[in-house]
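Let's read a protein model together, one feature at a time. Have the picture open beside you as we talk.

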Amino acid sequence: MTPMTTPPYESRRDPHPAPRTPSEREAILAEPGFGVHFTDHMFLAEWTPDSGWRDARVVPYGPLSIDPATAVLHYAQEIFEGLKAYSHADGSVWLFRPEENAARLRRSAHRLALPELPDEWFLGSIRDLVTADRAWVPHGGETSLYLRPFMFASEVFLGVRPSKHVTYSVIASPAGAYFPGGVRPVSIWLSSDYSRAASGGTGAAKCGGNYAASLLPQQEAIDNGCAQVAFLDAEKHRWVEELGGMNLYFVQSDGSIVTPELTGSILEGITRDSILQIARDLGHEVVERRVSIDEWRDGTADGTITEVFACGTAAVVTPVGALKWDGGQAVAGDGEAGKVTMDVRSALVDLQYGRADDPHGWMRQVV
Ligand code: PLP
Ligand code: COI
């Protein structure tokens with residue numbers, strides 16, 4: 001749906017007249033949390049069928065004024081992405097495989113009948129916002145600047161059809177660990193009543209509606225002392241799909257690593273894809289195939305599965321301690337972070353923070 005009229009990417013910057021002071025900023029960067037603080041600027045652009053994408057601009061961060069009849073508020077025609085900017089020891093700032101986020105945003109746009117954003121525009125928007133707010137990229141530890149590109153139906157219209165006015169924005173949020181408490185095994189709740197995505201649905205798209213549907217089971221997880229919810233396939237309730245915001249990996253006793261294959265209802269995680277390669281680089285055989293919930297339960301009980309971990313941009317690589325359900329639990333190994341999990345994790349973060357070579361050419365310098 002990208003019309004020929006979208007011009008080559010070019011943006012303007014409207015600097016914030018009263019940005020936070022250096023000491024206000026440093027106080028936030030010292031304890032950023034996740035998704036609670038935002039930088040001084042944001043990126044905006046709009047699309048219409050006649051003019052294509054236009055008016056790319058970096059402007060002061062602030063509220064958007066939305067008419068109550070704006071389509072996204074009623075029919076949830078919205079998609080988003082998540083990626084991070086990493087500070088390296090020499091002060092340079094880097095992105096990890098941003099072209100993959102650009103491509104996934106295009107795929108999500110297609111599924112939600114939104115206009116595709118050309119990759120040049122996506123990459124330009126990220127570069128321009130990070131450049132404007134480079135002082136907000138935290139240094140040290142496993143901190144980063146979390147970038148949230150999103151696109152929504154901004155036409156004022158209540159008819160049910162694809163919006164003819166669409167807004168694309170990027171906001172940025174300094175980030176520490178996604179799970180408070182650092183790299184510690186998390187417990188996962190198995191949702192028995194709810195599914196995340198059905199065959200032919202929107203599971204492979206990164207659209208807000210998928211997350212809305214996951215919130216009730218996610219609350220059930222929290223009520224049961226778990227950090228995240230695991231979903232099974234919607235039809236048979238048998239095949240392991242993913243967590244509310246992360247993909248899953250199972251380490252086998254023979255050293256091989258298994259991850260659920262992509263079925264169209266699982267998000268095609270960029271961390272998941274990277275770990276397929278990183279684990280092979282570390283000498284593991286990696287298999288994408290269906291994993292049943294019985295295999296998870298029985299494999300952890302008889303030692304065939306020695307470690308379970310979850311992965312995603314926000315949560316990086318997180319060990320899974322116990323999988324819990326009403327009346328039982330399955331614990332991999334001794335319930336602590338396993339060696340393979342931590343080796344994969346170190347290889348990934350060393351690359352992202354510039355402490356290791358980048359044999360696959362995944363890192364992109366921004367500033
Ligand atoms: N699965 C879901 C449902 C997610 O929201 C995410 C996070 O983006 C992932 C998996 C992991 O994807 P990625 O590694 O691209 O961040
Ligand atoms: C991410 O890992 O970037 C995600 O989008 C997961 C969650 C914060 C929605």
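This is a predicted model: local features need pLDDT of at least 70, side-chain atom pairs count only at pLDDT 80 or more; totals for chains, interfaces and linings use all residues.

Q: Is proline 359 buried or exposed?
A: Exposed means over 50% relative accessible area. Proline 359 has 63%, so it is exposed. For a sense of distance, proline 359 and proline 149 are 210 residues apart in sequence, and their C-alpha atoms are 27 Å apart in space.

Q: How many residues does the largest nonpolar core have?
A: A core is built from buried residues such as Leu and Phe, joined through their side-chain atoms. The largest one here has 38 residues, and Trp53, Leu147, Met151 and Tyr168 have the most contacts inside it. Helix α4 (residues 119–132) gives the largest share, 6 residues. A second, separate core has 23 residues, including Val186, Leu232, Val240 and Leu248.

Q: Which residues does tyrosine 168 touch?
A: Leaving out residues up to four places away in sequence, tyrosine 168 touches a list that includes Phe43, Trp53, Leu105, Phe122, Pro149 and Met151.

Q: How many disulfides does the structure hold?
A: A disulfide is a covalent bond between the sulfur atoms of two cysteines. This structure holds 0. Take cysteine 207: its closest cysteine sulfur, in cysteine 311, is 20 Å away, so a bond is ruled out as too far. For cysteine 311, the closest cysteine sulfur is in cysteine 226, and at 19 Å that is too far as well. Cysteine 207 is buried at 4% relative accessibility, and cysteine 311 is buried at 1%.

Q: Where can I find a positive phi in a residue that is not a glycine?
A: Most residues other than glycine have a negative phi. Alanine 76 has a positive one of about 60°. Alanine 76 lies in the loop between α2 and β4 (78–80) and is partly exposed at 37% relative accessibility. Valine 316 also has a positive phi, near 60°. Valine 316 is in strand β16 (residues 316–325), and its relative accessible area of 12% makes it buried.

How values were computed: Residues are numbered from 1 along each chain as its sequence is written. Chains are lettered from A and ligands numbered from 1 in the order in which they are written. Side-chain values use heavy atoms; hydrogens and water are left out. A nonpolar core is a set of buried Ala, Val, Leu, Ile, Met, Phe, Trp, Tyr and Cys residues joined through side-chain atoms within 4.5 Å. Buried means under 20% relative accessible area, exposed over 50%, partly exposed in between (1.4 Å probe, protein chains only). Helices (H or I, at least four residues) and strands (E, at least two) are DSSP runs, numbered from the N terminus. Contact means heavy atoms within 4.5 Å. A disulfide is a pair of cysteine sulfur atoms within 2.5 Å.
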